[in-house]
Number of protein chains: 2
Amino acid sequence: MRSDLVHGVASAMEAGLDQANLMTEPLYKAVIGTVIDRIVSGELVPGAMLPSEYDLGAELGVSQGTARKALEELERRGIIKRRQGVGSFVAVRTPENALFQFFRLRNPDGTQAIPGLAEETVTSRKATASEAGQLSDAPERVHEIVRVRTIDGARLIYEKSVVPAVLFPGLAERAPLPNALYALYQQAFRIAIVRADESIRAVAADQETASALGIVETRPVMRVERKAFDIADRCVELRLSFYVTDHHAYGISLA
Amino acid sequence: MRSDLVHGVASAMEAGLDQANLMTEPLYKAVIGTVIDRIVSGELVPGAMLPSEYDLGAELGVSQGTARKALEELERRGIIKRRQGVGSFVAVRTPENALFQFFRLRNPDGTQAIPGLAEETVTSRKATASEAGQLSDAPERVHEIVRVRTIDGARLIYEKSVVPAVLFPGLAERAPLPNALYALYQQAFRIAIVRADESIRAVAADQETASALGIVETRPVMRVERKAFDIADRCVELRLSFYVTDHHAYGISLA
DNA sequence: GCGCATCAGTCTTGTATAAGAATTCTCCTA
DNA sequence: TAGGAGAATTCTTATACAAGACTGATGCGC
């Protein structure tokens, strides 16, 4: 079986993965890498059905149980969804679940707040040194999306998103963009956001934010810096957001 | 094997678990419940070694593989730690890892901020209706821990923690309390915090917070409401914290 | 005799595999 | 149109072997 395994790993390499297997990497990890490669390459599009555990195992020269272990971990990471009796599918980021996963603002009663879109400007420009350093592959040019978002009609959110131009060709021409950017990223550019690191502070609104939201400059607002990572763990978006949290709260869970 | 399984579940019931198994619950979930029961009951204390996969399986009438599946999930939940060639151990909440897991304040360079303790008062009183409704088992009396914490000598954090008196007998007499409360909870009261839900807002400091931290009343501070849950998923602590985030940020990860 | 390295043994978890059960959907039939 | 057989899928359980880690005995040099 080991020879077949090596063959399976070899196909994974052909699909784009060629590091990290020097010392007999476990088979199931090689399978994980193969599946991720196929998603990244577009061979498996969001919503597509994966081969069954048995077929995937046969194809890569491993047993059904090993393929299963790989699929279980992919589901834990949120990359695929599985349904008994039906099959395994590449996770689809819909406007609904994208909001539920990454938009954390809650109403006073704890329910999810539903944001609207009041203003939007999309521009292309050179990346700053800081942006190039934080984004993967140090892009030279970026798209900047500046938005004012509303909740129940009130202008409460001001946010700037920066993405590499090379990964999002023609983004600026697509304006106006839909409310849920991450669903657009996946559907139009095949980039699935699966993880985000955030840095949160309470600050007094600066002049730019205050005028955008129509508030006084000294008002406390929540300042959130986000780095968003795709399925291949590349940092593909920087986002700086300001929230007015007088009647809403940012809900998170620590585990 | 199914009859033996039922027997295993029966022993789990004797250990304290007697709901949620009406319709042929999977064996490995019954094993998970049994292990959790033993930890909650104090039969397995933090740091104690669990039976090996083989022994645990034999004891409960399931195979090593099934016991293994249960132990894997317990490790994912952070309830136990496993080391190849050594064994499985009930997770120990040390002051260090408790801070790393639940104290999210970061220095400007992204490293973990180390808090100190400047002031502390511990009192016992009747629970408010709101507190009784949020805490598990609607306790009549609570302990309240009010603290001012420092970072690099600066008074930057003001926090009030409320815990049920019945679960923490004699807590008030233990003052002064150690810096890491959750380590104390586990070591002195056998209550392991494994999860917390937080609600974050940016507000202007109120009079109480401002005087405690020595800042002006209008200064923006981060207001964090936390509900902390133990291994049995009971809400055992309410905490209201105020952070001065001029030079520090609250770091979280969304996945 | 004392100290230290080495090595075998044993206990543990990690990996791989396989067989049968449970779930879901489709399609045919009455 | 309702119901049931069948096929496809994931889910559960079980077993065998590999790999890592600690223990203690053994032997050698000093």
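## Basis of the description

Residues are numbered from 1 along each chain as its sequence is written, and chains are lettered from A and ligands numbered from 1 in the order in which they are written. In this predicted model local features need pLDDT of at least 70 and side-chain atom pairs count only at pLDDT 80 or more, while totals for chains, interfaces and linings use all residues, and side-chain values use heavy atoms, with hydrogens and water left out.

## The surface near DNA strand D

There are 26 residues around DNA strand D, and those that come nearest are A:Arg68, A:Arg82, B:Leu27, B:Ser63 and B:Arg83; a residue is near a molecule or strand if one of its heavy atoms lies within 4 Å of it. By class, this surface has eight nonpolar, twelve polar and six charged residues (Ala, Val, Leu, Ile, Met, Phe, Trp, Tyr, Cys and Pro count as nonpolar, Asp, Glu, Lys and Arg as charged, and the others, Gly among them, as polar). At least two residues each are supplied by α4 (64-76), β1 (80-83) and β2 (87-90) of chain A and by α2 (27-41) and α4 (64-76) of chain B, and the largest share, four residues, comes from α4(B). Helices (H or I, at least four residues) and strands (E, at least two) are DSSP runs, numbered from the N terminus.

Of the atoms of DNA strand D within 4 Å of the protein, 75% belong to sugar or phosphate and the rest to bases. On the phosphate side, a backbone N or O atom of B:Leu27 lies 2.3 Å from a phosphate oxygen of DNA strand D.

## The surface near DNA strand C

Around DNA strand C there are 25 residues, of which A:Leu27, A:Arg83, B:Arg68, B:Arg82 and B:Ser88 come nearest. They divide into eight nonpolar, eleven polar and six charged. The elements that each supply at least two residues are α2 (27-41) and α4 of chain A together with β1 (80-83) and β2 (87-90) of chain B, with α4(A) giving the largest share, four residues.

Sugar or phosphate accounts for 77% of the atoms of DNA strand C within 4 Å of the protein, and bases for the rest.

## Where chain A meets chain B

In chain A, 32 residues are in contact (heavy atoms within 4.5 Å) with 32 residues of chain B. The two chains bury about 2500 Å² between them, 52% of it on carbon and sulfur atoms, where buried area is the accessible area (1.4 Å probe) that two parts lose on being put together, summed over both. In chain A, the residues that lose the most area to chain B are A:Ala202, A:Ile252 and A:Leu254, together 27% of what that side buries.

Across this interface there are 16 residue pairs in polar contact, both at pLDDT 80 or more; such a contact is a pair of N or O atoms within 3.5 Å, and within protein one must be able to donate a hydrogen and the other to accept it, with residues adjacent in sequence counting only if both atoms are side-chain atoms. The count of salt bridges (a side-chain nitrogen of Lys or Arg within 4 Å of a carboxyl oxygen of Asp or Glu) between the chains is zero. On the side of chain A that touches chain B, β7(A) gives the most, with eleven residues, and by class that side has 15 nonpolar, seven polar and ten charged residues.

## Sheets that join the chains

Eight strands form an open antiparallel sheet in the order β3(A)-β10(A)-β7(B)-β8(B)-β9(B)-β6(B)-β5(B)-β4(B), and two strands pair if DSSP finds at least two bridges between them. At the edges stand β3 (105-106) of chain A and β4 (115-126) of chain B, each with a single partner strand, so one side of each is left without a neighbour in the sheet. Five bridges pair β10(A) with β7 (residues 193-204) of chain B in the antiparallel sense, and among the residues involved A:Tyr250 has B:Ile200 as its bridge partner.

A second open sheet of eight strands, also antiparallel, runs in the order β4(A)-β5(A)-β6(A)-β9(A)-β8(A)-β7(A)-β10(B)-β3(B). Within chain A, six bridges join β6 (residues 154-164) to the antiparallel β9 (residues 235-243), and A:Tyr158 stands opposite A:Phe242 in β9(A).
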